[in-house]
Amino acid sequence: MSVDSKMNYWSIGISRKSDQRVGSKSTKCMATKNLDVQYHQQDTDYYCGAACAQMVLAEIGAGLLDQDDLYNDNHSHSVAEPGWYTAPDGLQWTLINRKPASFTNTFALFALNTEDAISRKIVWTIFHYGVAPVAMVYGWAHWIVIRGYDISADPANSTDNGYSINSFDVNNPWPPTPTPGPPPAHSDGDICGSGGNRGVANEHIAYNTWQSDYMTGIPSGHWGGKFVAICDPLPPSERPGKSTRHQSPFDGKKIIEKKEIEKLALDGIKLYGLQKRKTWKNIIDSNSGGEPVLVQRLDRTDSYYYIVPFNTSENRSSALVSIDARFGDYKQSVLLPEPTDHLSGAYDRKKITKNILNNRFSSDDDKEGRFIVRPEAYCLYPTLVWKPCRESLSPFWPFHMYTIGSRHIYVRIDGTIFTQLHDDLRGI
């Protein structure tokens, strides 16, 4: 079967829409495409490459392959540079080696000089081949599957740079499947992506957020300074493409008050046309925003965002929307297939503090010994905190941070406690 004939089988198809975007003075014609890529979590906190390979290979007809086997392939064939869990060359090798005979295309590793070039390469792969690319995000930390886009017009060819990109839809395999116990078997219709500690299958990222937070480039080493994704083999655009002008709602001089945030979240949903998607329309029509929660980025100076839960009841959320807390820009959102208690109750700081007081904790460095959290000698940071790290690879999973002398305790919103956040690991 040819690639072109298989493309219709893999994709939902392209729908064109004309809408008046919030904050825009003209009506724009947009082209959107979303591939039907079943979501699966990674089975360990370093199996992101295996989970992405599992999703993409299942999409092209290979079935649901075992993540242990896929990780072993990834890791053992990551040969260009040591120190990776899943390196770009290892993941490419696995996708090629494990693809079914019916898939007549192949997978190419692109390490390009600009974010613009790799983003257009991702768009072309989805548009023309109907196959989801896999992209390296958060520097060199994490692999995710890109399954959809919203752009200003269909690309004419693989080097076309005449369209602008508005957003991407992604499958982020984090968080890992719950422990203790063996990971649950992956199958069609399993509960991966159902919310909470089972991950979210429906995640939307504004292109501005993609540029600033996700596709940030590998910082050093063999692929240092490059922007990396595994896509189809056709050549990418060599020149920068068309971009849209963006004006933030606020000037960034201060943190925006919470009372403003729900409206900004609703405006963002409308700006990116999410309310025209059937599932999102139901959320907008039947729900109101809950209490916004402020989060500070630990890895960036003076960077904050709000998480706004949209609730179907007092304690259950149907969607979460992230808004820049200084400038008011819509950043990204997740939509839950069923209302869940994800985030609900996670901000009861008195209860969380009670669970750690008078308890002893060990740092990752055993030489430092255990320490006790005494009621008279701790400090709870006023906002939640987050940075991309092994302990959380989704901004919707921030931490409460406690300071005890020179040491820290981080309590993730699911209650898991850490004494260190590891942000120097590659391909997890």
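Is Asp423 buried, partly exposed or exposed? Asp423 is partly exposed, with a relative accessible area of 43%, where buried means under 20%, exposed over 50% and partly exposed in between (1.4 Å probe, protein chains only). This is a predicted model, in which local features need pLDDT of at least 70 and side-chain atom pairs count only at pLDDT 80 or more, while totals for chains, interfaces and linings use all residues. Residues are numbered from 1 along each chain as its sequence is written, and side-chain values use heavy atoms, with hydrogens and water left out.

**Salt bridges**
- A search of the whole structure finds 16 salt bridges, each being a side-chain nitrogen of Lys or Arg within 4 Å of a carboxyl oxygen of Asp or Glu.
- Asp423 pairs in this way with Lys387, their closest N and O atoms being 2.9 Å apart, and Lys387 is buried, with a relative accessible area of 14%.
- Asp213 forms a salt bridge with Lys331, and both residues are buried.
- Asp213, Arg297, Asp299, Arg300 and Lys331 are linked in a network of salt bridges.

**Nonpolar cores**
- The largest nonpolar core has 89 residues, and those with the most contacts inside it include Ile122 and Trp210; such a core is a set of buried Ala, Val, Leu, Ile, Met, Phe, Trp, Tyr and Cys residues joined through side-chain atoms within 4.5 Å.
- A second, separate core of 21 residues includes Tyr272, Trp280, Ile283 and Val321.
- Ile122 touches residues including Pro133, Phe168 and Cys231, not counting residues up to four places away in sequence, where contact means heavy atoms within 4.5 Å.
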